[in-house]
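Here is a short briefing on a structure. Look through the sequence and the 3D view before reading on.

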There are 2 protein chains.
Amino acid sequence: MGNLATPLSAARTMTHPAESKPNSRILIVEDDPAVQKALRRLFETEGYSVETQSDGRSAVESFQAATPAAIVLDLRLPRLSGRDVCKEIKAVAPTVPIIVLSATTDVSDKVLLLELGADDYVTKPFSPRELLARVRAALRHTSRTPETPSVVTFGAISADFKKMEVKRDGKVVILTAQEFKTFQFFVQNADRVISRDELLNEVWGYQNYPSTRTVDNHILKLRQKLENDPSSPVHFRTVHGMGYKFVR
Amino acid sequence: MGNLATPLSAARTMTHPAESKPNSRILIVEDDPAVQKALRRLFETEGYSVETQSDGRSAVESFQAATPAAIVLDLRLPRLSGRDVCKEIKAVAPTVPIIVLSATTDVSDKVLLLELGADDYVTKPFSPRELLARVRAALRHTSRTPETPSVVTFGAISADFKKMEVKRDGKVVILTAQEFKTFQFFVQNADRVISRDELLNEVWGYQNYPSTRTVDNHILKLRQKLENDPSSPVHFRTVHGMGYKFVR
DNA sequence: CGTAATTGTAAAAATATTGTCAAATGGGAG
DNA sequence: CTCCCATTTGACAATATTTTTACAATTACG
């Protein structure tokens, strides 16, 4: 099986339906007043309550005063660098998601982000929607922690998402990267009808947006690999005119 | 990959079922006639109703005349720059999503998009599919109707709109896509008399506008599937000369 | 009552969606 | 550069749904 490190992170960009969290407090750390103002507006119109800070030291203090649900953090900050803010906060509260804003040069390597403890990042000319999506994804991730259990079993299938391994009757089934991502998305959204469109958006992403027939083909593969009788699927059900639905 | 001119035809073949909102009007602001024409075709073949404008001033006026569901906006415009169009519109109607078309140089700075208040952006040259995907994503986000409770029960019927599942006496009843949509509309508008025309407008959409008899047939199906005694309906009532009325 | 308009109903006809496979594409490893 | 394999596309068949159509039943109303 291919290396899934990169593709998986893409799947995190989910904008999830009907999941807007009111009452969520966001701490925005950004020194450019224009950007700060714009960010505040962005999140406030989405129903978040916003706290802003302009430098690193104040950010940490503000965080300690009242723990926000998530943090949007510019890396280039006066007084205390974004890196250090990240580290300090993660040391105290490792579960609060931090989304880093950065120029491409700031994070040439993902290793850096891991070291920092950041949960996600958005690079330079970013779309507001994308930032929102990532914050939401991060929030969702923490708010329902046991969302994706590491191991899921149903029928003759057992999947270990941590190991990225799927077994059928105890024998390893090899899924390709895309198949695995699709599978995981279905498991995370069990019992819900998912349109091809949503799949393309959430699993494939924007940059490569294939035709809807591609989705069907991947469903076909998943059925062939995971269903007892692929021609009359039990788990990967089709909902005519709507999309697909996964049931355990 | 996609340079706008040719690949449009490719995206045309993309069948796009159920998901697309009927009656969605898109305002396209683009001064290059060739691109404008291509964009119009792109969105029209996907079932959107399209309004086009070639300069900034007209765009704002057109917007005020009739508010579209979303706006696709080129940044480089005569008469009034895309930036200003964006600002003006966002000042009046912050919820209408704006997707910006831009050369990479236009958005080299992350400040820009945020200040503008744009929701998303696509850089030229862009793939038609990507643009479509982003517009759809934006629409999906705003047009979310939180008014439908996820689960509704009445008589022997229980409906889970999230799972798109309807049960009668605990047994799953299979509704087709159109039946389900019709059913949902009735539930959302319980106790109110609904004319066939309204149903055709709201549930079917103007792009495929069948005869009013089609409505009757769907009511028939709903009664057969959901009523205890379909020939003397309790929930899906006929209001002679007017239309139908759903009561729980 | 009687008639015209409206609605109920079921089957046929027309469309639309999905399943499936083979071939084309494209990216990465060697 | 070439080969390999995942991915995507495109075609076509197989299904499923939507719409039309025709006619019977019902209702409104003089």
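Helix α4 of chain A spans residues 82-92, and its buried residues are A:Gly82, A:Arg83, A:Val85, A:Cys86 and A:Ile89. These residues cover an arc of only 160° around the axis, so they sit on the same side of α4(A). Keep in mind that this is a predicted model.

**Helix α4 in chains A and B**

- An α-helix has 3.6 residues a turn, so residues three or four places apart point the same way.
- Which exposed residues lie on the face of α4(A) turned away from its buried side? They are A:Ala91 and A:Val92.
- In chain B, helix α4 also covers residues 82-92, and B:Ala91 is found in it.
- Is B:Ala91 buried or exposed? B:Ala91 has 9 other C-beta atoms within 10 Å. A residue counts as exposed if that number is 12 or fewer, so B:Ala91 is exposed.
- B:Ala91 and B:Gly117 are 26 residues apart in sequence. In space, their C-alpha atoms are 8.9 Å apart.

**Chain A as a whole**

- Chain A contains 9 helices and 12 strands.
- Of its 248 residues, 36% are buried.
- Take the contacts in chain A with a separation of 6 or more. Residues 24 or more positions apart account for 58% of them.

**Two helices that pack in chain B**

- Helix α7 (residues 177-188) of chain B packs with helix α9 (residues 212-226) of chain B. The angle is about 85°, and the axes are 10 Å apart.
- Angles of 65 to 115 degrees count as roughly perpendicular, and α7(B) and α9(B) are therefore roughly perpendicular to each other.
- From α7(B), the contact uses B:Gln178, B:Glu179, B:Thr182 and B:Phe183. From α9(B), it uses B:His218, B:Lys221 and B:Leu222.
- By class, the contact of α7(B) with α9(B) has 2 nonpolar, 3 polar and 2 charged residues.

**The surface near DNA strand D**

- How many residues surround DNA strand D? There are 27.
- The closest are A:Thr176, A:Gln178 and A:Pro210 from chain A, with B:Thr176 and B:Gln178 from chain B.
- Which elements give two or more residues to this surface? They are α7 (177-188) and α9 (212-226) of chain A, together with α7 and α9 of chain B.
- The residues of the surface near DNA strand D divide into 16 polar, 7 nonpolar and 4 charged.

Methods. Residues are numbered from 1 along each chain as its sequence is written. Chains are lettered from A and ligands numbered from 1 in the order in which they are written. This is a predicted model: local features need pLDDT of at least 70, side-chain atom pairs count only at pLDDT 80 or more; totals for chains, interfaces and linings use all residues. Axes are lines fitted to C-alpha atoms, for helices over the stretch in contact, and angles run from 0 to 180 degrees between N-to-C directions. Helices (H or I, at least four residues) and strands (E, at least two) are DSSP runs, numbered from the N terminus. Angles under 35 degrees count as roughly parallel, over 145 as roughly antiparallel, 65 to 115 as roughly perpendicular and the rest as oblique. Two residues are in contact if their C-beta atoms, placed from the backbone, lie within 7 Å. Ala, Val, Leu, Ile, Met, Phe, Trp, Tyr, Cys and Pro count as nonpolar, Asp, Glu, Lys and Arg as charged, and the others, Gly among them, as polar. A residue is near a molecule or strand if its C-beta atom, placed from the backbone, lies within 6 Å of it. A residue is buried if 20 or more other C-beta atoms lie within 10 Å of its own, exposed if 12 or fewer, and partly exposed in between; C-beta atoms are placed from the backbone. The arc is that of the directions from the helix axis to the C-beta atoms.
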